[in-house]
Amino acid sequence: MIRFTRDQEAFRKTVARFVDAEVVPQADAIDEAAEFPRKLFERLGQLGYFGLRYPEAYGGSAADMVTYCLFAEELARGSLSLAAVAAMQSLMGTDFIFKFGSEDLRQRYLVPALRGELVATFALTEPNAGSDVANLTTRAERAGDRYVLRGTKTWVTNAPVADVLTVAAKTSAERGMKNIALFLVDRQTMRGVTLGKKIEKMAVRASETGEIVLEDVEVPAEHLLGGETGGVEKIGGILSEIRVMTSALSVGLARAAYQAALDYARQRVAFGKAIVEHQAITFKLADMLTSIHASLVLTYQAAAELDAGRTITREAAMAKLTASEMAVRVTDEAARIFASYGLAAEYPAQRYFRDARFLLPGGGTSEILRLIIGRDLDYDRGAVLG
Ligand SMILES: Cc1cc2nc3c(=O)[nH]c(=O)nc-3n(C[C@H](O)[C@H](O)[C@H](O)COP(=O)(O)OP(=O)(O)OC[C@H]3O[C@@H](n4cnc5c(N)ncnc54)[C@H](O)[C@@H]3O)c2cc1C
């Protein structure tokens, strides 16, 4: 049973007001510009949203996962592009600095990043290593008191504007997952970090993505985040959070598409009545609403489990699989209700439809999620029903 606390409800309302006043009016324009939305990014930092999951000592607010998901959901309702940028800054881009960085690194990078003064990102994926992390080829070789990094990362969120990157690299030439380490690369002070190809894409266009080329980048040894091995386990340590957060993004986007379709169906007339009164359209909306609700329950159930300190590898995968596939279907149905106007730039239905595709690979593809769920197929486990 999902019951938000009064504080959580009040927080949702605060975020929703901000989204309606400052994000929704700009969502189409930032999508069209397809550039890092710096002003909104800075605003999110000033409002403290990047620090939700971090302790107050670093400028955060130590919020629980349910609260963080409320933020993700509401922001995605306004703009999935902006929500993707915020997710990177508030989770993957900063988590490893907080967990494995020295106090000095936290003060130099985490604190300004949470204020929105530095752009932080995470670079794992490579041209030949997406789901198959064992295939990474970026190398980190020790040379005295530094490591020298060489390789190419791709699909890096905020690549053109990132000030600081957590880079996954191999500390040995062996294939496999063991010798993967995480390094904090400061683009302003370390030479050899260049921008490769920019990826033009149809979804989350204001969250720019591109290649980062590392050419003999000298990284001081204190920028090694948590040892020369165990990078995969460190990443695994936040995968459930990433997946549950992505489920919340999916719910937020689907809600936006649903509301737009419902409003349109109420005012569009065909054959003498509003199309919402044609049962085929009513049924579509009923199915959309039901599937959004089902995903919402799975998402916040999983978030509450995380808050209770449980390991929810399977449930997080189930939530993300269900919610991301739901968002793709709901945004498709919404565009169908708009018919030709679902293709028109003047309506947001086409943006929702395009943006939903981002939710499929982010946090693991549906196939990878099914592999994870498939590792533990027994129904009778407390976490499913508890
Ligand atoms: C908008 C966007 C932003 C991103 N931002 C970042 C970022 O900031 N940093 C970062 O590091 N990465 C980022 N990514 C990359 C993303 O994490 C990867 O794209 C994702 O891990 C999938 O990798 P891939 O695209 O190489 O697909 P592949 O791994 O090549 O998969 C291709 C297909 O094969 C299937 N497949 C693969 N392995 C199996 C298997 N064992 N069994 C069954 N099916 C399989 C997949 O499900 C998929 O359908 C981003 C991606 C997008 C779209």
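In this predicted model, the largest nonpolar core comprises 124 residues. Cys69, Ala72, Phe183, Ala257 and Ala334 are those with the most contacts inside this core. Which helix gives the most to it? That is helix H6, residues 231-267, with 16 residues.

Leaving aside neighbours within four places in sequence, Ala257 is in contact with Val330, Thr331, Ala334, Ala349 and Tyr352.

I turn now to a pair of helices. Helix H3, residues 65-78, and helix H4, residues 80-100, have axes that come within 6 Å and cross at roughly 145 degrees. On the H3 side, the contact is formed by Ala72, Leu75, Ala76 and Gly78; they meet Leu80, Leu82, Ala83, Ala86 and Ala87 of H4.

Finally, the ligand. There are 21 residues around the ligand, and Gly130, Ser131, Thr157, Thr365 and Glu367 come nearest. Where does the shell draw its residues from? Domain 2 (120-227) and domain 3 (232-385) each provide at least three. Among the secondary structure elements, strand S1 (120-123), strand S3 (146-157) and helix H10 (366-374) each supply at least two residues. The shell consists of 11 nonpolar, eight polar and two charged residues.

Note on methods. Residues numbered from 1 in each chain as written. Predicted model: local features only at pLDDT ≥ 70, side-chain atom pairs only at ≥ 80, totals over all residues. Core = buried A, V, L, I, M, F, W, Y, C linked by C-beta atoms within 7 Å. Buried ≥ 20, exposed ≤ 12 C-beta atoms within 10 Å, placed from the backbone. Helix = DSSP H or I, 4+ residues; strand = E, 2+ residues; numbered from the N terminus. Contact = placed C-beta atoms within 7 Å. Near = placed C-beta within 6 Å. Nonpolar A, V, L, I, M, F, W, Y, C, P; charged D, E, K, R; others polar. Domains from an automatic or database assignment. Axes fitted to C-alpha atoms, helices over the stretch in contact; angles between N-to-C directions.
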